Amino acid sequence: MLHCTNGEREGLPLATITFVRLVLFVDQIEEQHMPLRLYWNPHVVPLPGAVGAPLAFHRRLPGYAETPLRELPGLAADLGVGRLWIKDESRRLGLPSFKILGASWATYRALERRLGGLPPWNSLAELRAHLSPLRPLALAAATDGNHGRAVARMAALLGLEARIFVPTGTAAARIEAIQGEGAQVTVVDGTYDEAVALAAREAGPRCMVISDTSWEGYEEVPREVIAGYGTIFAEADAQLAALGEPRPDLIAVQIGVGALAAAVVQHYRGLGEHPQPLRIIGVEPLGAACALASMEAGRIVEVPGPHTSIMAGLNCGQPSPLAWPAVSRGVDLFMAVEDDAARRAMRALAAEGVTAGETGAAGVAGLLELL
C-alpha cells in the first residue's frame with residue numbers, strides 16, 4: 001500500500017502530481033506505459049474513524065514488533081518526488097503479510113462475543129485456556145492466500161481447527177503454506193466470490209466464519225478485520241513523527257474487496273481529526289476492477305470471472321458491502337492497471353533492495369502509471 005504527499009500544501013490538483021513526501025506499505029515485497037482505466041470521484045467526504053484498540057491487542061501477541069519504515073531515495077528521484085518511504089509488511093507476526101493484523105483482531109473479538117466476554121489474560125496460553133468451553137471449534141475463511149493463512153495461524157495458536165476455501169487457480173505454494181498451518185484446505189471449482197459463498201455455509205455452533213468481506217447479515221467480523229489493519233497506520237504515524245515528518249498528503253492503496261482501502265480511509269479521513277488536505281488513490285487489476293466498475297455504475301456491481309491477474313490478492317469480482325461506503329466516499333481516484341505494471345513496480349522496488357510480491361507492489365504500479 002502506498003502513501004505519498006503533495007508538494008503544494010494549498011491543495012494542488014492531483015493531476016499535476018508534484019510530490020515532496022511519499023509513504024508506501026507493502027505486504028510482501030516493462031519500461032513503457034501500460035493500458036489503464038481511471039475514475040475520478042467527485043463525492044469524497046470526511047467519514048467516521050475506526051473504533052476499538054487493535055494495537056494494544058497486537059502488542060500482546062507473540063512475536064509482535066513494529067514493521068520497519070524504509071526510505072527509498074532512488075525510486076523517489078525516478079518518480080520526481082521529494083521523499084519516499086515504505087512500511088515494509090513482508091514480515092508481520094511471523095507471516096509474510098499484514099493480513100494477520102485483521103484476522104487476529106477479528107478472531108479475538110468474535111470469540112469474545114461468543115463467550116459473552118473474556119476474563120483478563122496476560123499470555124496466549126491464558127487466552128487459549130479461556131476458550132475451553134467453546135471446543136471443539138473451527139475457524140473458516142475464503143482466501144486467495146494471505147488472509148486464509150492468517151486465519152489458520154490464529155486457529156493453531158488458539159488450539160482450534162481451520163477450514164480454508166480457495167478458488168481455482170490458487171498457486172500450489174499458497175495452498176501448501178495454508179496447510180502448513182494445520183488447516184484443511186478445499187479448492188473450490190470457481191472464483192474467489194464462490195469460495196466466499198461456500199465458506200459462509202460452514203457457520204454454526206462449532207464453526208465461526210472469519211471473512212474479510214461482508215454480506216447481508218454478516219458485518220461484525222469484516223468490520224473488525226478492517227479495524228485490525230489500523231495498527232499499520234498507527235505505527236506509521238508514530239514512525240513518521242519520530243522522523244519529524246507530517247502525515248502523507250497522498251496515499252495509494254491496492255483494492256481487492258476493499259478492506260485495506262477502507263482502513264486507510266477510516267484512519268486518514270476521520271471527521272475533524274486531520275485538517276491537512278489529503279488524496280487517496282485505489283489500484284486494481286484491469287481484469288478484476290470491481291471497485292472502479294462499481295463507481296462507474298453508481299452501485300456495487302460484480303465483474304464476472306475468471307479473474308487471473310498475477311496480483312492474486314486483488315482477484316475479486318465484487319467489493320465488500322461493508323467496506324464500500326468508506327471506499328466509495330473516501331477514495332479520490334480509482335485506477336485499474338495491467339499485470340505488466342505490477343511487474344514494473346516489483347523491479348523498481350527490487351532496485352531499491354525491497355522484495356515485493358505482485359499484490360504488494362500494486363500501489364507503486366498505480367503511481368508509476370499515473371506519473
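Glu71 is partly exposed because its relative accessibility is 37%, where partly exposed covers values between buried (under 20% relative accessible area) and exposed (over 50%), with a 1.4 Å probe and protein chains only. This is a predicted model: local features need pLDDT of at least 70, side-chain atom pairs count only at pLDDT 80 or more, and totals for chains, interfaces and linings use all residues. Residues are numbered from 1 along each chain as its sequence is written, and side-chain values use heavy atoms, leaving out hydrogens and water.

**Salt bridges**

- The count is 19 salt bridges, each being a side-chain nitrogen of Lys or Arg within 4 Å of a carboxyl oxygen of Asp or Glu.
- Side chains of opposite charge can pair when their charged atoms come close.
- Glu71 pairs with Arg83, and their closest N and O atoms are 2.8 Å apart.
- That pair links distant parts of the chain, twelve residues apart: Glu71 is in strand β4 (residues 69-71), and Arg83 is in the loop between α2 (73-79) and β5 (85-88).
- Helices (H or I, at least four residues) and strands (E, at least two) are DSSP runs, numbered from the N terminus.
- Arg83 counts as partly exposed because its relative accessibility is 29%.
- Lys87 forms a salt bridge with Glu235, with 2.6 Å between the closest N and O atoms.
- Lys87 sits in strand β5 and Glu235 in helix α9 (residues 230-242), so this pair ties together parts 148 residues apart in sequence.
- Both Lys87 and Glu235 are buried.
- Glu89 and Arg92 meet through their side chains at 2.9 Å, N to O, in another salt bridge.
- Glu89 is buried, as is Arg92.
- Shared partners join Arg109, Glu112, Arg113, Glu220 and Glu224 into one salt-bridge network.

**Strand β12**

- Strand β12 spans residues 333-337; five of its five residues are buried, so the rest of the structure largely encloses it.
- In a regular strand the side chains alternate between the two faces of the sheet.
- Both faces of β12 are covered, with buried Leu333, Met335 and Val337 on one side and buried Phe334 and Ala336 on the other.
- Strand β3 (residues 36-40) pairs with β12 in the antiparallel sense over five bridges; pairing requires at least two DSSP bridges between two strands.
- In that pairing, Leu38 stands opposite Met335 of β12.
- Strand β11 (residues 279-285) runs parallel to β12, and five bridges join them.
- Here Gly282 stands opposite Phe334 in β12.
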